[in-house]
Amino acid sequence: MGAGPIGLVTMLAARAFGAPRIVIVDVDDHRLSVAKTLGADDIFKASTNIQDVAEEVKQIHKVMGTGIDVTFDCAGFDKTMSTALTATKPGGRVCLVGMGHSEMTVPLTPAAAREVDVIGIFRYKNTWPLCLEFLRSGKIDVKPLITHRFGFSQKEVEEAFETSARGGNAIKVMFNI
């Protein structure tokens, strides 16, 4: 769930670890096309309306073509977490990566009844050595995620933040120091 920079890096890591099929869900066509270019097996455009969760889960299952063992919510909103919890098969796992809101209202009881495990990750404790090895070895290439580069003058910093906030075709905005 989510094709921003965190979702795309999560997709690349899942592929590096051998995930057999990856479907990326997002609300933005451009980010979905980037996900497809970077190796997503398929993509699904979701709405922002939480009322659409049940129907979208049916569509996501069709696109996935098999039960969903693990779902990563890389956005962290009520809708994305609700979709993740509902779409994941009984006995599966949902990992909350994105921190879109400090609190969420999600259907936890139905997920618990299906024995869906929920785990969270924040700050990526003890993952840096493996990440650096993946980058060094070329197993993961993050360069395509960097869509914009800016200098470090006051004007360029402001432009960088405006570019990032605008969204559009920006995935990851970097500063050249």
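This is a predicted model: local features need pLDDT of at least 70, side-chain atom pairs count only at pLDDT 80 or more; totals for chains, interfaces and linings use all residues.

User: Great, let's start with Asp26. Where is Asp26 placed?

Analyst: Asp26 is in strand β1, which covers residues 23-26.

User: And which side chain of opposite charge is nearest to Asp26?

Analyst: That would be Arg31, 5.3 Å away. Asp26 is buried and has no salt bridge, because a salt bridge needs the charged atoms within 4 Å.

User: Which backbone nitrogens does the side chain of Asp26 reach, then?

Analyst: There are two to look at. The Asp26 side chain reaches the backbone nitrogen of Ala3 at 2.6 Å, and that of Asp28 at 2.9 Å.

User: What else is Asp26 in contact with?

Analyst: Leaving aside neighbours within four places in sequence, the contacts of Asp26 include Gly2, Gly4, Leu32, Phe44, Lys45 and Ala46. Ala3 and Arg31 are on that list too.

User: New topic: how many disulfides are there?

Analyst: The count comes to 0. Take Cys74: the nearest cysteine sulfur belongs to Cys95 and is 7.6 Å away.

User: What about Cys131, how far is its sulfur from the closest cysteine sulfur?

Analyst: The distance is 13 Å, again to Cys95, which is too far for a bond.

User: Are those two buried or partly exposed, Cys74 and Cys131?

Analyst: Cys74 counts as buried, because its relative accessibility is 13%. Cys131, with a relative accessible area of 34%, is partly exposed.

User: Okay, on to the inside. How many residues does the largest nonpolar core have?

Analyst: That core has 18 residues, and Val25, Leu85 and Val94 have the most contacts inside it. The elements that give two or more residues to it are β1, α3 (53-64), α4 (78-87) and β4 (88-96).

User: You mentioned α4. Why is α4 described as largely enclosed?

Analyst: Because 8 of its 10 residues are buried, α4 is largely enclosed by the rest of the structure. Those buried residues include Lys79, Thr80, Met81 and Leu85.

User: And what covers the buried residues of α4?

Analyst: The cover includes α3, β3 (68-73), β4, α5 (108-113) and β5 (117-120).

User: What can you tell me about phi of Glu115?

Analyst: Phi of Glu115 is near 55°, a positive value in a residue other than glycine. For context, most residues other than glycine have a negative phi. Glu115 is found in the loop between α5 and β5, and Glu115 is exposed, with a relative accessible area of 60%.

User: Last one: where is Ser137 placed?

Analyst: Ser137 is in helix α6, residues 128-137. At 44% relative accessibility, Ser137 counts as partly exposed. The side chain of Ser137 reaches the backbone nitrogen of Lys139 at 3.3 Å.

User: How far apart are the C-alpha atoms of Ser137 and Arg93?

Analyst: They are separated by 29 Å, with the two residues 44 apart along the chain.

Notes
Residues are numbered from 1 along each chain as its sequence is written. Side-chain values use heavy atoms; hydrogens and water are left out. Helices (H or I, at least four residues) and strands (E, at least two) are DSSP runs, numbered from the N terminus. Buried means under 20% relative accessible area, exposed over 50%, partly exposed in between (1.4 Å probe, protein chains only). Lys and Arg count as positive and Asp and Glu as negative; His and the chain ends are not counted. A polar contact is a pair of N or O atoms within 3.5 Å; within protein, one must be able to donate a hydrogen and the other to accept it, and residues adjacent in sequence count only if both atoms are side-chain atoms. Contact means heavy atoms within 4.5 Å. A disulfide is a pair of cysteine sulfur atoms within 2.5 Å. A nonpolar core is a set of buried Ala, Val, Leu, Ile, Met, Phe, Trp, Tyr and Cys residues joined through side-chain atoms within 4.5 Å.
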